[in-house]
Amino acid sequence: MGEFEVHRVRFFGLVPAGVRCLACQPRGARLALARTDGAVEVYNFAANYFQEKIIPGNEARSVEALCWAAGDRLFGAGLGGEIAEYDLSRLCVAHSVDGGGGPIWSMAANSSGTQLAIGCEDGSIKLFQVVPGGIQFERNMDRRTGRILCLSWHPSDTHIAAGSIDALRVFNVSSGQTVQRIMVNYHVHKVKRECIVWSIAFLSSGTVVTSDSFGRVQFWDWERGTLQESHTVSTSAVLSLSVSEKEDSIIVGTSTGATYQFQLLPVKTGSLEKRWVRTKPFQYHTHDVRAVAHSSTALISGGLDAQLVIRPLMEKMQKKGYDAALRKFTFPHRRLVSCARKARLLLFQFSQHLELWRLGSTDETGKDGEVLPLCRMPEHLVQLKSKGPEHIYCSCVSPCGSWVAYSTASRFHLYRVQYKGDSVSVKKVPKVPKLLLPAYQLQFSADSGRLFIASARGSVHVLQLLEPGGCKHLHMFRPPSGCPDAVYLLAVSADGHWLAAVGGDWAIHIYNLKCFKHHCTVPTYNCAVTALAIHPVTNNLVIAYSDQQLFEFSIPEKQYTAWSRMVQNSGLHKAWLERDSPITHITFNPKNPSHILLHDIYMFCVLDKSLPLPDNSALLMNQSTLKQLPETARQRQLHAFKICKKFQPLLFADLLDENCLVMVERPIMDFKTQLPLPIQQKKFGT
């Protein structure tokens, strides 16, 4: 693997926002997630749960509910009182409509996806028609006192069940009238506090399922207004519930971080009578589980601890393998850190500001594994605050450290940074060219002379950076076949000759920067691209996909390389393919052209193309484990993959020079200490 001096950075103070709500696409392959900061993310089941789209948040926009309608249209609503439709191609809010009832607490679409119902602060339920290009107000349902915290359509679309404080109501959709009112705290004696119905589901059998602040999951016969079953699952609130499409399984989430599965099972073998049974408890979260979802093959939960947990239903799995693995996602599947190699600076991206840091340095040398004392401590140089409520989409620092750029939904900013001794001055570049905003990815050229800006509809803008602090627009690239989606990944060659761009359709386009023409398109592969980079010596494009496959494409020859063909013929190691975290960054070591350096959240890997690929009988061992083996055993384990798992969670890794690496970690417990204290549970023996 070789020896590197490693700058181990742990001062990136990122605190991921908690998960507020989830929505599975009906009969689809996507999961939408909203966070407490208003950001919306879309995960693709078919692409190994890759986070394929992120719509950054906005301080003026909260998202309390998400739902899919009319196939692949995504809507969100929140305490601002507006219903927003998201443009999943341009990754922004397409348009919004005022709900007319104050803050919106809940929203649901009917089974055909043609109508939206919203539950409002003023106690009203309002129906909206989903039409091409937007939604139209249809009518109000019977209004009652008390905010509507949750609602659910009957699968036949004839009735809506709604939960509020101390009561649930059932409405007839055609007449708009209340046809049933049930007091949920009636069966609790000596109640002195209100009972909040946090979540509700309307089953095709006519059963209404509720979860409440008393820690109960209850099943009601809505026509008779009677309680069928009641299960107390927690001493604190049950905040969320979701029902499977076949209505034979339910997942609920509590304020203690626990989730439970209920299954509809026969009372005894061969019996036609069935009852709901609490079968499986899980404790994957430390804080409130505010959102749960039930796909056809997995139980999904999201907590205020920022974790998205996907637990496959083993009884739905045909065979044990990658699809049967438990997945936990805390950090985004994209880079929030950029590096100025020459200046040894790091730029950290937060939701509404950027931080520029200078790395520390040492004069000492030592043995493998030794921690060296610093002669110069890391230094916080600059903080750039974004004005307004919009969150930052992307950012970048130039290799020389003299330029910093970032974009929000409506503004693009470019700054000139100058260093004089220990002082730093920052000057905003005036009269930046008007671009098709927002920018989704920024990349400087290796010589810091150009800036490449990924934009909507597959376009990439090229800016020439001018001294002492200006810029001009040189060119705009567009794929020859057109593309409705935004570009989300860029890679530039070290010689400034080539540019690779990946759009939301997963096509990779190569552009010639000398003559400003489209050069070629990489052969299509039916999976999302998670990272790519161009080799500084060979100009080969190395591509990592969400199914963990690796490809190498020769840009000058417009074809896959011999090594890439060999990898596809031989196949990658099973343990490599079963990893659940995507590769987020690729770089190269100029001293060893055969080395490819890549990483995900849990490992850093040096891939040595000069060595043979391991077969499935070999062990993909951590380097620290490998060092403990005798020399003869180490030689038997010699193969292309050199893996290091010492640095976790690894948000960024890059090569500063041929002998020096920088690793940016964000230990989970570091940011969890900044979250509100969870509800403490009494444990036996304490």
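## Interface of domain 1 and domain 2

Across the interface of domain 1 and domain 2 there are zero salt bridges; a salt bridge here is a side-chain nitrogen of Lys or Arg within 4 Å of a carboxyl oxygen of Asp or Glu. Polar contacts are found: 17 residue pairs, both at pLDDT 80 or more. A polar contact is a pair of N or O atoms within 3.5 Å; within protein, one must be able to donate a hydrogen and the other to accept it, and residues adjacent in sequence count only if both atoms are side-chain atoms. This is a predicted model: local features need pLDDT of at least 70, side-chain atom pairs count only at pLDDT 80 or more, and totals for chains, interfaces and linings use all residues. Residues are numbered from 1 along each chain as its sequence is written, and side-chain values use heavy atoms, with hydrogens and water left out.

The domain assignment gives domain 1 (19-244) and domain 2 (245-329); such bounds come from an automatic or database domain assignment. Taken over C-alpha atoms, the two centres are 20 Å apart. Contact (heavy atoms within 4.5 Å) involves 36 residues of domain 1 and 39 residues of domain 2.

## Buried area and the domain 1 side

Domain 1 and domain 2 bury about 3,100 Å² between them, and carbon and sulfur atoms give 60% of that. Buried area is the accessible area (1.4 Å probe) that two parts lose on being put together, summed over both. In domain 1, Val19, Tyr49 and Ser244 lose the most area to domain 2, together 22% of what that side buries.

Which elements give two or more residues to the side of domain 1 that touches domain 2? They are strand 2 (19-24), strand 3 (30-35), strand 20 (216-221), strand 21 (226-232) and strand 22 (238-243). Strand 22 gives the most, with six residues. Strands (E, at least two residues) and helices (H or I, at least four) are DSSP runs, numbered from the N terminus. By class, this side has 21 nonpolar, 11 polar and four charged residues. Ala, Val, Leu, Ile, Met, Phe, Trp, Tyr, Cys and Pro count as nonpolar, Asp, Glu, Lys and Arg as charged, and the others, Gly among them, as polar.

## Salt bridges in the structure

The structure holds 20 salt bridges. One of them pairs Arg8 with Glu665, with the closest N and O atoms 2.5 Å apart. The pair links distant parts of the chain: Arg8 is in strand 1 (residues 5-9), Glu665 in strand 55 (residues 660-665), 657 residues apart.

## Backbone features

The peptide bond from Glu467 to Pro468 is cis, with omega near 0°. Pro468 sits in the loop between strand 40 (460-466) and strand 41 (470-477). The bond from Gln648 to Pro649 is also cis, with omega near -20°. Pro649 lies in the loop between strand 53 (641-644) and strand 54 (650-657).

Ala70 has a positive phi, near 50°, in a residue other than glycine. Its place is the loop between strand 6 (65-69) and strand 7 (73-77).

## Confidence

The protein averages a pLDDT of 90, and 93% of the residues score at least 70. pLDDT is the predictor's confidence in each residue, from 0 to 100. Among the elements, helix 3 (residues 623-627) has the lowest mean pLDDT (61) and strand 47 (residues 540-545) the highest (98). Where pLDDT is low, the predicted coordinates should not be read in detail.
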